[in-house]
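Below is a set of questions and answers on one protein chain. Each answer ends on the value or name asked for.

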Amino acid sequence: MPIQTTDDLQITYADTGPRDGQPVLLIHGWPDDASTWDDVVPALNAAGLRTIVPTLRGFGETRFVGNAPRAGNSAILAMDMIALMDGLGIGRFMVAGHDWGSNTAEALAVGWPDRVERMAMLATPPRLGGMPTPPFEQAQRQWYHWFMATARGAQAVRDDHKGFAHIHWVNWSPPGWFDEATFARVARSFENPDWADVTLHSYRARWNEVEPDPRSQWLEDKVKATKTLSLPTMYFQGAVDGVNPPSASTTVPAKFTGPFAFVTLNGVGHFIQREAPDAVARHLIQLFTGNPADLSDTTDRSLIMSKTKPFLAGAAAIAVVAAAAIGVASAQTASQTSGRPLTQVAQFDHQATGVAVTADGRRFVNFPRWTDDAPISVAEVMKDGSLKAYPDAKWNSWRNAKSAEMPVGDYFVCVQSIVPDGHGNLWVLDPGAPGNEKILEGAPKLVKVDLATNRVTKVIRVPLDVALQGTYLNDIRFSPDGKTGYITDSGTRGAIIVIDLETGKGFRALDGHGSTQIDKTVKVMTDGKPLVRPDGRQPAFAADGIAISNDGKTLYYQALTGKTLYSIDTTLLRDGVSEATRAAGVKTVAQTHVADGLWMSKAGTLYLTSPVNNGITRLVGDHVEPVLTDARLRWPDTFSEGPDGRIYVTASHIQDTNWFKPGAPASLKTELFSFAPRKVRPDMTYLRYNDDIETTQPDEQESIDGIIQGMSQQTQTVEKREGPCGPREPREEFGVRDRRTDDRARPAARTRARHVRDARHAPRRDPLRARAGRDAR
């Protein structure tokens, strides 16, 4: 790494990007080092910017020359930066700084306004006008300032500088945001012999416990005397910053009189550029290469820089642009070499959740506005794989940016589910809550589309006394006569919402009942680890999956954050039945697993999605058994069934969204798959999703072990072999991780299996009410 020698220092730095590019100075903070910008720099360089990334005094390989004071006040750091830029022959430049670097950037803008063109401040507010004593709540967060002002505190920092730094990495950002190997690499920069002295001086000087470096006093005074700045500025605020939360930056916008943007990054803590480097890079590129007049405040829920496209007048123009923006669905066939039973039907450029296949084979998908402002809400997948806004462009023309101008009842706002009713209609369920957040008043609705004419024939608006604030209308099923709709509310207070489709009236049933609520003991796992947001929250979705028996007499439902499948007689869901009577009629069907979608096939088999292992299961008696797993099926979401009996399922990639992966793009590629269901065979071995174990005969155990041996593979076909019932045909293909050997499982965990015995001679029984002839042999 090159070194620039100044009067006080030998500064190590990185200089990358085009030599003739606009220079950008990137300044790290404390307790951190220059590597904090490693994942931001490539994007800036690709945008044509030259980046200079120095290591500050007291850190890493930067060393003092002679007996210069081991000072760390912001003004002296700014003077170091000017000396560096002078040595590199750089006159005018732009700057971004994090933490210490934020206030250093501020001091540069105050002291050298003719050289600093634009500025970004990350995670630490400006000190313009001086630093007032913080309120008690903020003072408590800044305990380490006061700790270092004491002799004993200072000695503790000298004795264990890495331990002192580590506690701030833990406390200032959401749990799990860093790994220990990363911290260990960064902590090597704290081994600099002057790190403790520079650190202690920095924090003591800001509260006047020690004097700043005398040579920098003029600049310290100028920062205190300067009330506002006018250069184009962007301030980054982590919404869950543990040391400088949003409450600490409320006065920031008033300190800037020129072009300014306040960027809030949801789910991000203090180390913004490490936690969300892609988002930071995109915002910085806008600041450093865009028109300053375009700067505006942004709440970045998606952790991606995007600008809302202008609203296009004219239905034809909207339809064309929307289809192009969302991408052409690519039809594919199943791999002929992998042996997978799962066929990819289409791929989309935005997050799809719902799918509907009609009696004549037409296929539809929907795109909720969760992490991006999808250009289509409901689309028909055409035979050539292209997408067509359905039923027309007008209904799909809602945009978040135009929410104040467009009546929410006349457009699709955030479509969650689309389901045909078996009577020639497609119903569109719109919870009216973009981003899965606050309901827009008047937006929750059911929209009925006549499939023969492709026209909306009815709109049922769900009132706020049924769709409560916090409600999320998730999925719907219909009575066989098409007169009643049953909707799951997966929001903060789970329920089954019953809608009279003729009158449009509705009510909440099992509202707050345990069967419709989340199970707080359940931990949602994907990719072998807990699925949590940066702030530690896991998915908390109440009543979600829903299915109805083919005779319409039984409704099945389950909370996504749950592991129990429930049912209720639909006669108990009629208006006028007491909640006590309904509660008494709730039945536990089976202990299952985390499941999103449910589907009752025409053959009477209940299917469940299994996001935990990218799989599909089915109900057999009082337990579920795997149908298939496939790595492509990331978060199997919603089912539908074609006229030929093929089951369709979307992969919505929820675990890949920026809700759980800060910095992930707002728009995700998702897929639609299908598979041909196979009947439950009485002479096959199946795996159970429970924790029981049953003694088996030697040959039976061999069958189980044969399956378990392949569970760590993606999919496996069990070859024809001799069994206790004679020759067996190749079994249905599926793969499940072997918890017995998975090093991520607890040592005591064991994969448990039961042998479903030969029921060849058992009488045929309803698979939802019997155990598939389990003990008939």
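Predicted model: local features only at pLDDT ≥ 70, side-chain atom pairs only at ≥ 80, totals over all residues.

Q: How many helices and strands does the chain have?
A: The chain has 777 residues, of which 58% count as buried. It exposes about 31100 Å², with 51% of that area supplied by carbon and sulfur atoms. Its secondary structure comes to 15 helices and 40 strands.

Q: Which residue of strand 19 is the bridge partner of Lys 445?
A: Strand 18 spans residues 445-450 and strand 19 spans residues 455-461. The two pair in the antiparallel sense over 6 bridges. In strand 19, the partner of Lys 445 is Arg 461.

Q: Which residue in the hairpin of strand 18 and strand 19 takes a positive phi?
A: The hairpin has 4 residues between its strands. The phi in question is near 60 degrees, and the residue that takes it is Asn 454.

Q: Why do the buried residues of helix 10 line one face, and which helices do they pack against?
A: Helix 10 covers residues 217-225, and its buried residues are Leu 219, Glu 220 and Val 223. Seen down the helix axis, these residues fall within an arc of 105 degrees, so they line one face of helix 10. The elements they pack against are helix 2 (74-87) and helix 3 (100-111).

Q: Is Ala 583 buried, partly exposed or exposed?
A: Ala 583 is found in helix 14, residues 579-585. Buried means under 20% relative accessible area and exposed means over 50%. The relative accessible area of Ala 583 is 29%, so Ala 583 is partly exposed.

Q: Which residues does Ala 583 touch, not counting residues up to four places away in sequence?
A: Ile 568 is 15 residues from Ala 583 along the chain, and their C-alpha atoms are separated by 8.9 Å. With residues up to four places away left out, Ala 583 touches Leu 510 and His 513.

Q: What is the N to O distance in the salt bridge of Asp 80 and Arg 57?
A: A search of the whole structure finds 31 salt bridges. The side chains of Asp 80 and Arg 57 meet in a salt bridge, with Asp 80 in helix 2 and Arg 57 in the loop between strand 4 (49-54) and strand 5 (63-64), 23 residues apart. Both Asp 80 and Arg 57 are buried. The N to O distance is 2.6 Å.

Q: In the salt bridge of Arg 369 and Asp 373, what is the relative accessible area of Asp 373?
A: The side chains of Arg 369 and Asp 373 meet at 2.5 Å, N to O. Arg 369 is buried, with a relative accessible area of 1%. Asp 373 is partly exposed, and its relative accessible area is 25%.

Q: How many residues apart in sequence are the parts that Arg 508 and Asp 489 tie together?
A: The side chains of Arg 508 and Asp 489 meet in a salt bridge of 3.0 Å, N to O. Arg 508 counts as buried at 12% relative accessibility, and Asp 489 is buried at 0%. Arg 508 lies in strand 23 (residues 506-509) and Asp 489 in strand 21 (residues 484-489), so the pair ties together parts whose separation in sequence is 19 residues.

Terms used:
Residues numbered from 1 in each chain as written. Heavy atoms only, no water. Pairing = 2+ DSSP bridges. Buried < 20%, exposed > 50% of the residue type's maximum accessible area, 1.4 Å probe, protein only. Arc of directions from axis to C-beta. Contact = heavy atoms within 4.5 Å. Areas by Shrake-Rupley, 256 points an atom, 1.4 Å probe, with all protein chains shown as cover. Salt bridge = Lys/Arg side-chain N within 4 Å of Asp/Glu carboxyl O.
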